[in-house]
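Trainee: Could you walk me through this one slowly?

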Amino acid sequence: MAARSARADRRIYLDKQNPAVYRALLATAETVRKTAAEAGLDRVLVELVNLRVSQLNGCASCLDVHTRAALRAGETTRRLGVLAAWRDTELFTARERAALALAEATTHPEQADAQDRAYAEAREVLSDDELSAVIWVAITINAFNRVSILSKHPVRGSADR
């Protein structure tokens, strides 16, 4: 097997390679944050959606960023610790459960039955504005996940272990 060149193994940081596109994605994220707030979604719920989608996609960089953001917003370490198994706990409200299911359905749209169930359940507890905002949050973090995963953005160690 021939040795791979260093160039072939090196990933480009998409955000650095095309900064104008990345700035547009950041602007989209800011608009989505404002839309979510205007719809009445609190920051904790938004960060739970960001984290659950990032868990599903396996994006270490986004998990790092949004775990810290969730803690700053007042989320507990207990709930963060069980987020991957949220369905098996009583720690999340009906609104949060609906948002998490909708976020999962947005991340895996090929699962039509799960998407239909999640949408129907969300309609029971979320307003139209809230439902739309949750989907936009999930779409946006999915985009950031792809940028970070394909760029192989590192998560570096720090003193705050």
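Trainee: How many helices and how many strands are in the chain?

Mentor: The chain has 9 helices and 0 strands, where helices (H or I, at least four residues) and strands (E, at least two) are DSSP runs numbered from the N terminus. This is a predicted model, in which local features need pLDDT of at least 70 and side-chain atom pairs count only at pLDDT 80 or more, while totals for chains, interfaces and linings use all residues. Residues are numbered from 1 along each chain as its sequence is written, and side-chain values use heavy atoms, with hydrogens and water left out.

Trainee: What does the C-alpha trace span, and what share of the residues is buried?

Mentor: Along its principal axes the C-alpha trace spans about 55 × 35 × 35 Å. Of the 161 residues, 38% count as buried, and the cut-offs are under 20% relative accessible area for buried, over 50% for exposed and partly exposed in between, with a 1.4 Å probe and protein chains only.

Trainee: Which residues touch the most other members of the largest nonpolar core?

Mentor: They are L41, V49 and V134, in a core of 26 residues; a nonpolar core is a set of buried Ala, Val, Leu, Ile, Met, Phe, Trp, Tyr and Cys residues joined through side-chain atoms within 4.5 Å. The elements giving two or more residues to this core are α3 (19–39), α4 (43–57), α7 and α9 (128–151), and α9 gives the most, with 8 residues. Apart from this core lies another of 12 residues, including L48, L83, F92 and A118.

Trainee: And V49, what does that one touch?

Mentor: Leaving out residues up to four places away in sequence, V49 touches A99, L100, A103, V134, V137 and A138, where contact means heavy atoms within 4.5 Å.

Trainee: At what angle do α4 and α7 pack?

Mentor: The angle between α4 and α7 is about 35°, and their axes are 9 Å apart; axes are lines fitted to C-alpha atoms, for helices over the stretch in contact, and angles run from 0 to 180 degrees between N-to-C directions. Among the residues that meet there are V49 and R52 in α4, and A99 and E104 in α7. By class, the residues of this contact divide into 9 nonpolar, 2 polar and 4 charged, with Ala, Val, Leu, Ile, Met, Phe, Trp, Tyr, Cys and Pro counted as nonpolar, Asp, Glu, Lys and Arg as charged, and the others, Gly among them, as polar.

Trainee: What about α7 and α8, how do they pack?

Mentor: Helix α7 (residues 94–107) and helix α8 (residues 112–125) pack at about 150°, with axes 8 Å apart. That makes the two helices roughly antiparallel, because angles under 35 degrees count as roughly parallel, over 145 as roughly antiparallel, 65 to 115 as roughly perpendicular and the rest as oblique. The contact of α7 with α8 has 10 nonpolar, 1 polar and 2 charged residues.

Trainee: Is L102 buried or exposed?

Mentor: L102 counts as buried, because its relative accessibility is 2%. This residue is in helix α7, and beyond residues up to four places away in sequence, L102 touches A118, Y119, A122, L131, V134 and I135. L102 and V49 are 53 residues apart in sequence and 8.9 Å apart in space, C-alpha to C-alpha.

Trainee: Changing topic, what is phi of K152?

Mentor: Phi of K152 is near 55°, a positive value in a residue other than glycine. Most residues other than glycine have a negative phi. K152 is found in the segment after α9, and K152 is exposed, with a relative accessible area of 53%.
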